[in-house]
Amino acid sequence: MREFRNWAGNQSVTPSEIRTPSSVEEVVRAVRDASASGRRVRMTGTGHSFTGVALTDGLLLRPHGLTGILETGDGWVRAAAGTPLRVLNEELHRMGLALANMGDITDQTLAGAIQTGTHGTGRDVGGLADQVLALELVLADGEVVTARADDTGEGRDLFDAARVGLGALGVLTAVTFRVEPSFLLRSTREPMALSAILDSLDEITSKNEHLDFFWLPHTDTCLAKRNNRSQGPANPPSAFKHWLDNRFLENTLFGVLCAAGARLPGAIPRLNAVSAAALSASTHTDLSYKVFTSVREVRFLEMEYAVPRRHLAQALRETRDLVERRDWKITFPVEVRVTPASDAWLSTAYDRETAYVACHIYRPTPNPAYFEGVEEIMTRLGGRPHWGKMHTRDAAYLSTVYPRFADFLALRDRLDPGRLFSNAYLETVLGP
Ligand SMILES: Cc1cc2nc3c(=O)[nH]c(=O)nc-3n(C[C@H](O)[C@H](O)[C@H](O)COP(=O)(O)OP(=O)(O)OC[C@H]3O[C@@H](n4cnc5c(N)ncnc54)[C@H](O)[C@@H]3O)c2cc1C
């Protein structure tokens, strides 16, 4: 099977060749072979990006041969770039360690996740790329280099550019993360009115280490999740409650509701109202990585914009008003998260306190007008699209919202003048 297809099924490509390198030397050979044969080369993660960022029609490298923890030290762990986040979490747990923060799911590879700026929600700790201490990468000329956070010379630029590098600067072979002793999170979930959250945004974001809320379109109801560190004791949900919430309610039943809504769109506002009324408050305390992450089985398309935190209330009010004004019927909740500013040049949180607004749509019933309408609001507010989620922005726009955009392009010109690592998506977002 030569075709590469992403998780959502909206991107696919048949590359000229597929290889699964299992050592740095094999990556170097692949990069040199691609260059010698005039083809482009790119490593993919697990295909969880909705954009064409991972595609290549040249030599496609699969990540599965580069997995596992390579080395640990005081407060850090170095892992092979293709290691799935799930495996990293489990290995860290066995060593009594944990990442300080992460996104919603754990299927992605380490390199794939950081290259597009994957993030969760955090008052004090940002996305995965902000927890990186060093990167090992193979450059277009086949040289293997390490970019480090503690580099005070020119190498620091490579570190700040390559952490969220879109695969444009080289093939990552290892990533070193900052880690800390395992910790527990107390998770409180409760229904709240969107209007109440909007009125108390500053207070609710500053009082909670990890705030994540989901607004159900066509209602004034949100499910607010607040995760804060706890000394314990652990009080994990029972196996049945875990299955009920994570598998049955959030996936199986939700999938049935989405399918029903796709057949009878007029019923969606009522279905959402029933879901909103069924939400109830709950708390549990568990290991951090179990609290941070969930399972996503219902296939969807997603667009997510990062806006300056001070514009969040306006962004949400305008989104709510737009959905009410137009005749769209939206089943999926709109998810809202926050992070502190990042120093990675192409991080969506670069140099500003950030709020994320994510719109999802059931995969079988795409709704480009919904994404287009919300995108207009977000870009008016200086929004930056998630590099791995659907959007229509190009280099001309992106250069206006990323202060270090020109520096990134200059570094790419120097490291990859022949555009060995480019693809159609990068030509759009970075230019030729
Ligand atoms: C169900 C679901 C839930 C999600 N949840 C979140 C979330 O909570 N927060 C969030 O921010 N995003 C989320 N995303 C988006 C996802 O995290 C990103 O799109 C991420 O990049 C996907 O990682 P991947 O391993 O699948 O990489 P891919 O999508 O396969 O690749 C992403 C990019 O990384 C590059 N790459 C991969 N490996 C290497 C390497 N070794 N060297 C150089 N470049 C490399 C690829 O070429 C490509 O440019 C979610 C997506 C889905 C489908």
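**A buried loop position and its surroundings**

Tutor: Thr83 sits in the loop between strand S7 (76-80) and helix H2 (85-94), where helices (H or I, at least four residues) and strands (E, at least two) are DSSP runs numbered from the N terminus. The model is a predicted one, in which local features need pLDDT of at least 70, side-chain atom pairs count only at pLDDT 80 or more, and totals for chains, interfaces and linings use all residues. Residues are numbered from 1 along each chain as its sequence is written, and side-chain values use heavy atoms, with hydrogens and water left out.

With a relative accessibility of 1%, Thr83 counts as buried; buried means under 20% relative accessible area, exposed over 50%, and partly exposed in between, with a 1.4 Å probe and protein chains only. Once neighbours within four places in sequence are set aside, Thr83 is in contact with Leu66, Thr67, Gly68, Leu88, Gln108, Thr109 and Leu110, contact here meaning heavy atoms within 4.5 Å.

UniProt, in an unreviewed entry, places the feature "domain: FAD-binding PCMH-type" at residues 11-182; UniProt positions are given in the numbering used here, feature names are shortened, and annotations may be inferred rather than shown by experiment. Over residues 11-182 the chain is 22% helix and 26% strand, and the end C-alpha atoms lie 37 Å apart.

Ala34, in helix H1 (residues 24-36), is buried with a relative accessible area of 0%, and, leaving aside neighbours within four places in sequence, Ala34 is in contact with Arg39, Arg40, Val41, Leu59 and Leu420. Gly142, in the loop between S9 and S10, counts as buried at 5% relative accessibility, and, not counting residues up to four places away in sequence, Gly142 touches Val28, Val31 and Arg32.

Strands S9 (132-138) and S10 (144-148) also belong to the cover of helix H4: together with helix H3 (110-115) and H13, they are included in what covers the buried residues of H4, and those buried residues are Leu158, Phe159, Asp160, Ala161 and Ala162. Helix H4 (residues 155-162) and H13 pack at an angle of about 110°, with their axes 11 Å apart; axes are lines fitted to C-alpha atoms, for helices over the stretch in contact, and angles run from 0 to 180 degrees between N-to-C directions. H4 and H13 are therefore roughly perpendicular to each other, given that angles under 35 degrees count as roughly parallel, over 145 as roughly antiparallel, 65 to 115 as roughly perpendicular and the rest as oblique. Asp157, Leu158 and Ala161 of H4 meet Phe408, Leu411 and Leu415 of H13. By class, this contact of H4 with H13 has five nonpolar, no polar and one charged residues, where Ala, Val, Leu, Ile, Met, Phe, Trp, Tyr, Cys and Pro count as nonpolar, Asp, Glu, Lys and Arg as charged, and the others, Gly among them, as polar.

On H13 itself (residues 405-415) is Ala406, which counts as exposed at 55% relative accessibility. The loop between H13 and helix H14 (424-429) holds Arg419, which is buried with a relative accessible area of 14% and whose phi is near 60°, a positive value in a residue other than glycine. Most residues other than glycine have a negative phi, and most peptide bonds are trans. His218, in the loop between strand S14 (210-215) and S15, likewise has a positive phi, near 75°, and counts as partly exposed at 26% relative accessibility. In the loop between strand S15 (221-230) and helix H7 (239-263) lies Pro233, and the peptide bond from Gly232 to Pro233 is cis, with omega near 5°.

The residues in contact are Gln314, Ala315, Glu318, Thr319, Leu322 and Val323 of H10 and Tyr370, Gly373, Val374, Ile377, Met378 and Arg380 of H11; by class, they comprise seven nonpolar, three polar and two charged residues. One of these, Val323, is 181 residues from Gly142 in sequence and 50 Å from Gly142 in space, C-alpha to C-alpha.
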